[in-house]
Each structure stands twice: as structure tokens, then as C-alpha cells.
Amino acid sequence: MVKQWMMAATLVALMAGGPLAAAEDFGAWPLLRDPFPSTGGGGVMIGGYDPVVADGRCRTAFTATLPDGSVYRNRAEFDAVPEQGGILCTNGRWRAEDGSAEGTTPFRIFIRDGVKRMPPD
């Protein structure tokens, strides 16, 4: 009975992404591309991402180019979290430079030894 309970608990932890789940290998992510497709979809391309880490944050200016060629200038800020010998830029927030829009992004960047990586497609 105890053995069955332990197996069930282990299965639940794995399915929930608990402590037994495999950690992401951020160093295996592909290099950050320029441009890359927006996480919001719609054919929007993100360009000029070049995050700089300072004061516990990752910050970058960037452009969002729509399929019709319209270009919008923006800024993004992420929490800079020490991970795997580098910095994981996560919990992103962005805003238009003209103040017309703002939001959050699930996009993450991993920086180690000056090399910037993005999650796999």
C-alpha cells in the first residue's frame, strides 16, 4: 500500500512540474535571433532586442514590425534571475515609447558569458 502511494505521489509531482520535473537547460537554447516572431503572433516581428543587465533587471529597446511594414518603437524590462551560471530574463513587461500601449510578455532570454539565447520554437 505504501509503495503504491509513493508511486502515485511521484507521478502527481511529475505531472504537476514539481521538484522531480526536469529543469530546462537554458544553455542549450538557440542563440537570440534578430528579428524573431512576436509571442503575440499575427506576423509581428520583433527586432533590435539587445538586453543589458543592471540593478537586478534586464532592459532593452526594440521594434515591433507589423506585416504591413508599420514599425513601433518599444522598451522592455525583465526580472534578472541568476540561473545556471548566467542570468535568466523573465517576467517581462513592455511599453511603447510614445506611451500608447503596454503589456507583459512570456518571452524569456538567457544570458551567460555575453551569449544571449532564446527559448526554442
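Colleague: Which residues is Glu83 in contact with, leaving aside neighbours within four places in sequence?

Modeller: Glu83 is in contact with Phe26, Leu88 and Phe110, where contact means heavy atoms within 4.5 Å. This is a predicted model, in which local features need pLDDT of at least 70 and side-chain atom pairs count only at pLDDT 80 or more, while totals for chains, interfaces and linings use all residues. Residues are numbered from 1 along each chain as its sequence is written, and side-chain values use heavy atoms, with hydrogens and water left out.

Colleague: How far apart are Glu83 and Phe110 in sequence and in space?

Modeller: They are 27 residues apart in sequence and 8.5 Å apart in space, C-alpha to C-alpha.

Colleague: Where is Glu83 found, and why does Glu83 count as partly exposed?

Modeller: Glu83 is in strand 5. Strands (E, at least two residues) and helices (H or I, at least four) are DSSP runs, numbered from the N terminus. Glu83 counts as partly exposed because its relative accessibility is 32%; buried means under 20%, exposed over 50%, partly exposed in between (1.4 Å probe, protein chains only).

Colleague: Which residues touch the most other members of the largest nonpolar core?

Modeller: Phe36, Ile46, Tyr49, Phe78, Phe107 and Ile109, out of 16 residues in that core. Strand 4 (57-65), strand 5 (71-83) and strand 8 (109-112) each supply at least two of its residues. A nonpolar core is a set of buried Ala, Val, Leu, Ile, Met, Phe, Trp, Tyr and Cys residues joined through side-chain atoms within 4.5 Å.

Colleague: What does Ile109 touch, not counting residues up to four places away in sequence?

Modeller: Trp29, Tyr49, Pro51, Phe78, Ile87, Leu88, Cys89, Lys116 and Arg117.

Colleague: On to Thr90. Buried or exposed?

Modeller: Thr90 is buried, with a relative accessible area of 15%. Its place is in strand 6, and beyond four places in sequence Thr90 is in contact with Phe78, Asp79, Val81 and Arg108.

Colleague: In what sense do strand 6 and strand 7 pair?

Modeller: Antiparallel: strand 6 (residues 86-96) and strand 7 (residues 102-105) pair over four bridges, where pairing requires at least two bridges found by DSSP. Arg93 stands opposite Thr104 in strand 7. The two strands form a hairpin with five residues between them, and Gly99 in the turn has a positive phi of about 80 degrees.

Colleague: Which peptide bond is cis?

Modeller: The one from Asp34 to Pro35, with omega near 0 degrees. Pro35 is found in the loop between helix 1 (2-15) and strand 1 (36-37).
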